[in-house]
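The points are arranged by region and may be checked against the coordinates.

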Amino acid sequence: MPIPRKFYERDTVIVAKELIGKKIIRVDNKTTFSGIITETEAYRASDDPASHAFNKITKRNHGMFDVVGKSYVYFTYGMYNCLNVVARSKKFEAGAVLIRGVHPIDGVKKMEENRKTDKFSNLTNGPGKLTQAFNITVKDYGIDMTKKSKLYITTGISPRKINSKSRIGITKAIDKKWNFSINPKDYF
DNA sequence: GGGCCGATATTCT
DNA sequence: GAATATCGGCCCG
């Protein structure tokens, strides 16, 4: 069952943590991809200098201000797409959770094709990689992930232990431990 | 295993 | 012009 919109209507940091272990499902043409979410990061708004939504609303980041539970995809470093889910409590005007890593379940063969590698551990262990493997681009901006569609999230497993670290690849607000992850041995 | 580098869209200064 | 929510290829050991 897809996760209801209410789940995303809470503090972005809490949603980021609780998305760990959930299952993400992607239907692309005839192929179904799925995977367990293993790493996320929370990005908030005016209290978070590292967030795209820290300044003004722009053409790229307007999705972070949209209805919670929708997808927010952006193009970065001139080559890579990154996938986020819009999530925030009523207190904030914007917010999203960056999906940084997943553990592949279904469609592995097609992922290897998309990624041009047969190394299982290198398929979806990074934000730019998983969008390549799942064939997610800016065309998938604004999809409602609370309903069965081309892209949605369902219940998954219950992780034993969730790590909390500083976010990766940023220089601002590194004191905020808003990166969440699990190790393979803690999947069950 | 780790460190540097180039690719290059969008935003900000 | 510079920075960025990245990655793969290269080098080195």
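Which residues are around DNA strand B?

1. Basis of the note. This is a predicted model, in which local features need pLDDT of at least 70, side-chain atom pairs count only at pLDDT 80 or more, and totals for chains, interfaces and linings use all residues; side-chain values use heavy atoms, with hydrogens and water left out. Residues are numbered from 1 along each chain as its sequence is written, while chains are lettered from A and ligands numbered from 1 in the order in which they are written.

2. The residues around DNA strand B are N55, T58, K59, R60, F75, Y77, G78 and M79, a residue being near a strand if one of its heavy atoms lies within 4 Å of it. Of the atoms of DNA strand B that come within 4 Å of the protein, sugar and phosphate account for 71%. By class, the residues of this surface comprise 3 nonpolar, 3 polar and 2 charged. Here Ala, Val, Leu, Ile, Met, Phe, Trp, Tyr, Cys and Pro count as nonpolar, Asp, Glu, Lys and Arg as charged, and the others, Gly among them, as polar.

3. A polar side-chain atom of T58 lies 3.5 Å from a phosphate oxygen of DNA strand B. For Y77, a backbone N or O atom lies 3.0 Å from a base oxygen of DNA strand B. A polar contact is a pair of N or O atoms within 3.5 Å; within protein, one must be able to donate a hydrogen and the other to accept it, and residues adjacent in sequence count only if both atoms are side-chain atoms.

4. The hairpin. β3 (71–76) and β4 (residues 80–86) form a hairpin with 3 residues between them, and Y77 in the turn has a positive phi of about 50°. The two strands run antiparallel and are joined by 6 bridges; strands pair if DSSP finds at least two bridges between them. Y72 stands opposite N84 in β4. Strands (E, at least two residues) and helices (H or I, at least four) are DSSP runs, numbered from the N terminus.

5. Burial and pairing of β4. In β4, 6 of its 7 residues are buried, where buried means under 20% relative accessible area, exposed over 50%, and partly exposed in between (1.4 Å probe, protein chains only). β4 also pairs with β5 in the antiparallel sense over 3 bridges, with V85 opposite V97 in β5.

6. N61. Is N61 buried or exposed? N61 is buried, because its relative accessible area is 2%. This residue is found in the loop between β2 and β3, and its side chain reaches the backbone oxygen of K56 at 3.0 Å. Residues up to four places away in sequence aside, N61 touches H52, A53, K56, Y72 and Y141; contact means heavy atoms within 4.5 Å.

7. Helix α2. The buried residues of α2 (residues 108–115) are V108, M111 and R115. Seen down the axis, they fall within an arc of 50°, so they line one face of the helix; the arc is that of the directions from the helix axis to the C-beta atoms. The face turned away from the buried side carries the exposed residues K109 and E113. What covers the buried residues of α2 includes β2, β5 (96–106) and α3 (127–133).
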